[in-house]
Amino acid sequence: MGQTESAGSKKKSPQERISTAFSSLSLNSTMAANFWTSSHFKQLLDQDEVDVVHPLDKEKGITVEDLRLIKMEMANYIWRLAAQVKVRQRVVATAVTYMRRVYTRKSMIEYDPRLVAPTCLYLAAKAEESTVQARLLVFYIKKQSSDEKYRYEIKDILEMEMKILEAINYYLVVFHPYRSLSQLLQDAGLNDIHMTQLTWGLVNDTYKMDLILVHPPHLIALACIYIASVLRDKDTTSWFEELHVDMNVVKNISMEILDFYENYKTIADERRVSVSLAKLGSKP
């Protein structure tokens, strides 16, 4: 559950606001059982709102398709860095969510994704109590980047961290489908190793899309279970009926995921991604 700002929070220094945000995490984690009263719920958007291209980006010729491609590439970049610095999957998911939230409010021209992505990982690691040393992150950024322009230093990460915190309004707690997934699989009697691995992989892939910004996490988990049950020929009809959820929403999310898989090779084409990134221009 995201923290609620006090009436005087605008008068606090940036350092004080960061301290308040992080100190609230432990309190919020004990209150996080109710998604519906959380800041995450309040920040859910329609897909049309997520797909808005910032005016500054439009001036550079960036389209909605470019926006999606760049965000997907940056999600993959976060995954690669996370594997190097060895953080938990939840950290990766939180980092990708932060990154996607940033671009519902800010332009890619002003907030270069090639710096925002690793900084979101740095911030998410702290938020999820899995701290990564900035110098270690910078080491792997430089190791992965062949372009000198994007071989960022620690000071770049720390400066962008402040900007990202302001962009996401200091709301650091994110609800993910993983917790719901485990509980739902157990409830459905589908928590064998094969279904667990399949559904977990499906949830991981949803972070290559904007689903976490649009749908409650338990519905994303249910969509992944629905897909997996069809693939594994499991009859879950009566179980879904007992849940009293809107199956039209679950099936629509499922179709979004399946459409993504169907088009993935085209979407992930490196040339298309390079063309989209080139529109951003060089590092300021």
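**Aromatics.** I began with ring pairs and got 11 aromatic pairs. My rule takes rings of Phe, Tyr and Trp (its six-membered ring) with centres within 6.5 Å, and calls planes under 30 degrees apart stacked, over 60 edge-to-face and the rest tilted. I looked up Phe 35 with Phe 41: the centres are 5.8 Å apart and the planes at 70°, so I wrote the pair down as edge-to-face. Trp 36 and Phe 41 are also edge-to-face, because their planes stand at 75°, with 5.2 Å between the centres. Phe 35, Trp 36, Phe 41 and Phe 175 form one aromatic cluster.

**A word on the model.** This is a predicted model, where local features need pLDDT of at least 70 and side-chain atom pairs count only at pLDDT 80 or more, while totals for chains, interfaces and linings use all residues. I number residues from 1 along each chain as its sequence is written, and side-chain values use heavy atoms, with hydrogens and water left out.

**How covered is the cluster?** I call a residue buried under 20% relative accessible area, exposed over 50% and partly exposed in between (1.4 Å probe, protein chains only). Phe 35 is buried at 7%, Phe 41 is partly exposed at 33%, and Trp 36 is partly exposed at 45%.

**Charge on a ring.** I found the charged end of Lys 163 over the ring of Tyr 111, 4.5 Å from its centre. The test wants NZ of Lys or CZ of Arg within 6 Å of the ring centre and within 35 degrees of the ring normal.

**Cysteines.** How many disulfides are there? I count 0 disulfides, taking a pair of cysteine sulfur atoms within 2.5 Å as the criterion. Cys 120 is buried at 0% relative accessibility, and Cys 224 is buried with a relative accessible area of 0%.

**Fold.** The chain has 16 helices and 0 strands, read as DSSP runs numbered from the N terminus (helices H or I, at least four residues; strands E, at least two). I checked α6, residues 89-102: its 14 residues should span 20 Å at 1.5 Å a residue, and the end C-alpha atoms are 20 Å apart, which agrees. The expected span is 1.5 Å times one less than the number of residues. In α6, 13 of the 14 residues are buried, so the helix is largely enclosed by the rest of the structure.

**Whole chain.** Buried residues make up 51% of the 284 residues. Of the contacts (heavy atoms within 4.5 Å) between residues at least 6 apart in sequence, 78% join residues at least 24 apart.
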